[in-house]
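Reader: Could you walk me through the charged pairs here, and then the helix packing?
Author: Gladly; let us have the structure in view before we start.

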Amino acid sequence: MRRAPQRPAVAAPTTVTPPQARSGPLSGVATMFGSGLSNQTGAAVGALAFPVLGPLGVVAVRQYVAALVLLAVGRPRLRTFTWRQWWPVLLLAAVFGTMNLTLYTAVDRIGLGLAVTLEFLGPLTIALAATRRRLDAGCAVLAAAGVIVLMRPRPSADYAGMALGLVAACCWASYILLNRVVGRRIPGAQGAAAAATVSALAFVPAGIVVALRHPPTAGAVLCAVTAGVLSSAVPYLADLLTLRRVPAQTFGLFMSVNPVLAALVGWVVLGQSPGAAEWAGIGAVVVANAVSIATKG
């Protein structure tokens, strides 16, 4: 799923971290950093295939890779699912595909750093809405100020791309909420695997159409597959290992660096250099999330 384009990223779990999870904090931080860097690098590499496959083609390949990985890990017993289990899985599959498609299209239009920052508003909104502290209200104001800076009127502004980034944010928030429902009703990773499989099947017609209209090159397919591995497989497995080593709060806090990583990777790999105002807006969103999570008891 990605960590979004980002893998379908997930919010920090609410379960209590066992004592043994704190035994390797340094390795946990290293794993979190590697996961975030892998996720954003995968998105940037996938963007290199846009001229040939377009965002739709790249997302289709990524969905296929995510399904293969999660099927191998989750091994869902689909025939045993009841309708009460299936309906949130189907909704999760729809949200998963829409999230990645809108995010990758936004990346194509407005750049990786801005797209990921806008998408990050999804989990940030859920985190802020869960409490009634004055500090969280201040964080919400700070995040809103950052968004205003990022979306300020200017001749080069691509409002369609920004709107897609906000749609991706809504999808990420929905993804988090649906994941909680699926997790309560289906054991292990079976629900996530089933949703990824349904989403991948839904993208089969799109993949065929893209292949017929724009014959893929070996390089473009390699970039798309690499995006799927780096933005889906690696972050998913890395997050499983991370949550055994660090508290859930630390995990959520470290996720705040993803917009910064996205901006840096976009700059290095794609040549997308944010201006001073864009860096300020990204920083405001990141700080708002970091403060909100770090000050929670």
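**Salt bridges and a helix contact**

Author: In this predicted model, a salt bridge joins the side chains of Arg-133 and Asp-136, with N and O 2.9 Å apart.

Reader: Is Asp-136 buried or exposed?
Author: Asp-136 is buried, because its relative accessible area is 2%, under the 20% limit.

Reader: How many salt bridges does the count come to?
Author: The count comes to four. Among them is the bridge between the side chains of Arg-152 and Glu-278, at 3.2 Å from N to O. That pair links distant parts of the chain, since Arg-152 sits in the loop between helix H6 (134–150) and helix H7 (159–185), while Glu-278 belongs to helix H13 (residues 276–294), 126 residues apart.

Reader: Which other residue forms a salt bridge with Glu-278?
Author: Arg-154 does, and there the closest N and O atoms are 3.7 Å apart. This pair, too, links distant parts of the chain, with Arg-154 in the loop between H6 and H7 and Glu-278 in H13, 124 residues apart. Taken together, Arg-152, Arg-154 and Glu-278 are linked in a network of salt bridges.

Reader: Switching to H13 itself, how many residues has it, and what span does it reach?
Author: H13 has 19 residues and reaches 26 Å from its first C-alpha to its last, which is close to the expected 27 Å. The buried residues of H13 include Glu-278, Gly-281, Ile-282 and Ala-284, as well as Val-285, Ala-288, Asn-289 and Ser-292.

Reader: At roughly what angle do the axes of H5 and H13 cross?
Author: The axes of helix H5 (residues 121–129) and H13 cross at roughly 35° and come within 10 Å. The crossing of these two helices, H5 and H13, is left-handed.

Reader: Which residues make that contact?
Author: From H5 the contact is made by Leu-121, Leu-124 and Leu-128, and from H13 by Val-285, Ala-288, Asn-289 and Ser-292. The residues of this contact divide into five nonpolar, two polar and no charged.

Technical notes. Residues are numbered from 1 along each chain as its sequence is written. This is a predicted model: local features need pLDDT of at least 70, side-chain atom pairs count only at pLDDT 80 or more; totals for chains, interfaces and linings use all residues. Side-chain values use heavy atoms; hydrogens and water are left out. Buried means under 20% relative accessible area, exposed over 50%, partly exposed in between (1.4 Å probe, protein chains only). Helices (H or I, at least four residues) and strands (E, at least two) are DSSP runs, numbered from the N terminus. The expected span of a helix is 1.5 Å times one less than its number of residues. Axes are lines fitted to C-alpha atoms, for helices over the stretch in contact, and angles run from 0 to 180 degrees between N-to-C directions. A crossing is left-handed if the near helix is turned anticlockwise from the far one by less than a right angle, and right-handed if clockwise. Contact means heavy atoms within 4.5 Å. Ala, Val, Leu, Ile, Met, Phe, Trp, Tyr, Cys and Pro count as nonpolar, Asp, Glu, Lys and Arg as charged, and the others, Gly among them, as polar.
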